[in-house]
Amino acid sequence: MDVSARAPATAGEGGQLHAFAARLYPICRSITGNGVRQTLALIRARIPLTVHEVRSGTRVFDWEVPPEWNIEDACVMDAHGRRVVDFRQHNLHLVSYSEPLATTLSLQELAPRLHVHPDNPEWIPYRTSYYQRSWGFCMSALAREALGAGQYRVEVKSSLAPGALSYGELIIPGRTREEVLFFTHTCHPSLANDNTSGMSVATALAEWIAREPRRLTYRFVFAPGTIGSLVWLKRNPRVLPRIRHGLVLTLLGDRGALTYKRSRLEDSEIDAIGAHVIAHGGTSIGFSPYGYDERQFCSPGFNLPVGRLTRSVNGGYPEYHSSADDLDLITPDCLAESLEACRNAVRILEDNGRYLNLAPWGEPRLGKHGLYGSVGGRAPGEREHALLWVLNQSDGAHTLLDIAQRSGLSFATVRAAARELEAARLLRPVRAAVTKRTARPRLAGKIGRKS
Ligand code: ZN
């Protein structure tokens, strides 16, 4: 019944999504630095991203672009020179944004700088210290217990210096200037679900959207979490009024069912679409000011109709923010299903609309208009139902998605019926915008003058 039944993911597609996630996985990303540039370069090899560099120290609302962080090597060595905690083995071993350091400490002095996972003794936790100068190492509790008393050499060959924050942006122009925003974060190091899954799905989605002419304009932003979305919002006050729909894409590869998190508006068109595309087995959850970059897009000054698509939610699976969020946690099938949900959202965004029944006094005689029987590919019963539903609900108030929801028919079936009825001159589109609430950021003008 779902639109996905019409266009199942091709067999190799999940494999390709996983393979691209695997290429992104080893890179040591953070909110700035060469790891992000390397990541954007890999994405850019597939889609023509524009890479923006925003200088350290740039003020962004209540925030500031921090110094750029780059890391060459880091380790803790025991008295025999053995690297007992080794960044080269796993980039989660180092607290992200650790300042440069070379010193020798006793285990007792070192202990407060060593972080272990609270629940699983085998996993390395993921820790960051972006906005407070610090340093530290992460390791499994088992490895931590194995450390004997004595002196340890600690070396962090990092740099924290004026540089830039890098983010990538792609605009796929449509026939109208109304925009759909897709945002995914680019700042996590070797974590597969959180965040290579989002980058892989977003890249494939952009490729698919660009393959044919579209009604809407699509904008993809690949940027670090929080500071990246804030930088983008700050730099684009004139774009904001054109953002009619948006989705934050992340956590799209694990075996959990799909989750749609509604925008702060709760009843925007993307909220109806998000709930619809995950309908079979998925969960739609309400807005909360916690999670990923929807927090910024849905802050009251912007209040954009931006929801979030994930599978498990942040913090909602045990491997979250640990070394166990690896390439085995994400599966080709789940990545492919997530991509298909995104494509279904785009299909609905492109074609959703309100119509007016031009013969609303009783049912028109379908046979007289050449609409009875003679259908290829679809069960006649379903098609006939769809024709009757579209005729009945097309009073100018209900969208095709509303009709799909109410009838239980797929959006594709309802849309096909509307096209047939339009061709038979029993239906005409209503020109008014579909969007129930057109979000116009209240502060957009002010922001523009300040920047
Ligand atoms: Zn995260």
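Q: Which residues in H7 are buried?
A: In this predicted model, the buried ones are Glu269, Ile270, Asp271, Ile273, Gly274, His276 and Val277. H7 spans residues 269–277, and seven of its nine residues are buried, so the helix is mostly covered.

Q: What covers the buried residues of H7?
A: The cover includes three strands, E13 (243–249), E14 (259–261) and E16 (306–310). It also includes the helices H9 (332–351), H11 (400–407) and H12 (411–423).

Q: Take H11. At what angle do H7 and H11 pack?
A: The angle is about 40°, and the axes are 11 Å apart. That makes H7 oblique to H11. The crossing is left-handed.

Q: Which residues meet there, H7 to H11?
A: From H7, Ala272, Ile273 and His276. From H11, Leu401, Ala404 and Gln405. By class, that contact has four nonpolar and two polar residues, with no charged ones.

Q: And H11 with H12, what angle and what axis distance?
A: H11 and H12 pack at about 125°, with their axes 9 Å apart. They are therefore oblique to each other.

Q: Left-handed or right-handed?
A: The crossing of H11 and H12 is right-handed.

Q: Which residues of H11 and H12 meet?
A: On the H11 side, Leu400, Leu401, Ile403, Ala404 and Ser407. On the H12 side, Phe411, Val414, Arg415 and Ala418. The contact of H11 with H12 has seven nonpolar residues, one polar and one charged.

Q: Changing topic: what are the protein donors of the zinc ion?
A: His188 through NE2, Asp194 through OD and His321 through NE2. They lie 2.0 to 2.1 Å from the zinc ion.

Q: How are the donor residues spaced in sequence?
A: The pattern is H-x5-D-x126-H.

Q: Is histidine 188 buried or exposed, and why?
A: Histidine 188 counts as buried, because its relative accessibility is 7% and the cut-off for buried is under 20%.

Q: What does histidine 321 count as?
A: Partly exposed, because its relative accessibility is 21%.

Q: Back to E16 and H9: where did they come up with H7?
A: E16 and H9 are among the elements that cover the buried residues of H7. The loop between E16 and H9 holds histidine 321, one of the protein donors of the zinc ion.

Terms used. Residues numbered from 1 in each chain as written. Predicted model: local features only at pLDDT ≥ 70, side-chain atom pairs only at ≥ 80, totals over all residues. Heavy atoms only, no water. Buried < 20%, exposed > 50% of the residue type's maximum accessible area, 1.4 Å probe, protein only. Helix = DSSP H or I, 4+ residues; strand = E, 2+ residues; numbered from the N terminus. Contact = heavy atoms within 4.5 Å. Donors = N, O, S within 2.8 Å, 3.2 Å for Na, K, Ca; no water. Axes fitted to C-alpha atoms, helices over the stretch in contact; angles between N-to-C directions. Parallel < 35°, antiparallel > 145°, perpendicular 65-115°, else oblique. Left-handed = near helix turned anticlockwise from the far one by under 90°. Nonpolar A, V, L, I, M, F, W, Y, C, P; charged D, E, K, R; others polar.
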